[in-house]
Amino acid sequence: MTSLGLSVHDVLTTTRSVRKRLDLDRPVDQALIEECLEYAVQAPTGSNRQGWRFVVVTDDDKRAALGDLYRKGWERYTTLGVSASALADGQAPERAAQQMRVMESAAYLAENMHRVPAMLIPCIRGRVDRASMGAASMMASIVPSTWSFMLGARDRGLGTCWTTIHLMFEEEAAEILGIPYGDWSQVALITIGHTLGTDFRPAVREGGAAAVTSWNGWD
Ligand SMILES: Cc1cc2nc3c(=O)[nH]c(=O)nc-3n(C[C@H](O)[C@H](O)[C@H](O)COP(=O)(O)O)c2cc1C
């Protein structure tokens with residue numbers, strides 16, 4: 001197993017959304033992705049259903065097709081008025097600067113999506129739009145496993161980014177990959193590649209956990 005030997009603390013605090021520091025020219029070994037997927041399938045699922053499927057995409061034509069969809073979604077996202085300045089508007093200077101950096105980095109990823117060496121599409125059985133009360137349970141039966149994959153990737157020198165933009169065209173992506181759209185929901189497109197350098201820092205979260213936590217009730 002290839003491992004950077006990071007502590008649990010480091011993995012949990014430094015697994016960032018990697019976009020600009022992704023090595024777009026270095027392929028990712030299938031074995032590394034398989035190791036991370038073994039973590040993914042250790043995650044909890046509602047009723048122990050394990051109704052998950054993971055579609056890994058490395059094929060040039062399919063990456064190009066997904067890259068096109070993603071860019072189309074990105075254009076729509078930004079024409080809806082989501083921009084760096086809109087996200088930064090009214091925020092404290094440090095937070096505004098962080099939002100500007102995120103948008104700039106996300107634009108870079110959109111431009112280069114077709115070059116991302118590998119993509120992971122986690123899928124869950126069922127359609128979220130039909131699940132009503134079960135929606136939370138359904139999502140929670142695929143999100144932890146995908147995050148486990150991302151944590152495992154971090155410890156192997158791989159960078160990932162959770163993305164959802166391509167879901168604006170989920171049905172078209174399903175066609176590209178042969179995913180049975182009527183029965184399976186895609187929940188994300190996780191970009192995967194080796195990172196340029198392996199040092200990543202904890203993110204700044206204003207006020208830390210204390211700012212968003214209350215004990216024994218809501219206050
Ligand atoms: C549900 C969800 C959807 C996201 N969608 C996108 C996306 O489509 N494109 C993208 O570049 N980043 C996306 N992100 C990444 C966020 O921008 C990122 O998590 C956030 O800026 C915080 O950065 P960090 O993960 O490095 O702490 C998404 C994250 C989540 C959890």
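The text below describes the ligand site and then a helix pair.

**Ligand site**

The model is predicted. The ligand is surrounded by 13 residues, and the closest of these are S17, R19, Y70, W162 and R205. By class, the shell around the ligand comprises seven nonpolar, three polar and three charged residues. Two elements, α5 (93-112) and β3 (158-163), each contribute at least two residues to this shell.

| Residue | Protein atom | Ligand atom | Distance |
|---|---|---|---|
| R19 | polar side-chain atom | oxygen | 2.8 Å |
| Y70 | polar side-chain atom | nitrogen | 2.8 Å |
| I165 | backbone N or O atom | oxygen | 3.3 Å |

Taken alone, the ligand exposes 630 Å², of which the protein buries 63%.

**Packing of α3 and α5**

Two packed helices are described by the angle between their axes and the distance between the axes. For helix α3 (residues 60-79) and α5, the axes come within 9 Å and cross at roughly 145 degrees. On the α3 side, the contact is made by Y70, R71, W74, Y77 and T78. On the α5 side, the residues are M103, A106, A107, L109, A110 and E111. Grouped by class, this contact of α3 with α5 has eight nonpolar residues, one polar residue and two charged residues.

Both topics share elements. Y70 is one of the residues closest to the ligand, and Y70 also belongs to the α3 side of the helix contact. Helix α5, in turn, supplies at least two residues of the ligand shell and packs against α3 through residues that include M103 and A106.

Note on methods. Residues numbered from 1 in each chain as written. Predicted model: local features only at pLDDT ≥ 70, side-chain atom pairs only at ≥ 80, totals over all residues. Heavy atoms only, no water. Near = heavy atom within 4 Å. Polar contact = N/O pair within 3.5 Å; in protein donor to acceptor, adjacent residues only side chain to side chain. Areas by Shrake-Rupley, 256 points an atom, 1.4 Å probe, with all protein chains shown as cover. Helix = DSSP H or I, 4+ residues; strand = E, 2+ residues; numbered from the N terminus. Nonpolar A, V, L, I, M, F, W, Y, C, P; charged D, E, K, R; others polar. Axes fitted to C-alpha atoms, helices over the stretch in contact; angles between N-to-C directions. Contact = heavy atoms within 4.5 Å.
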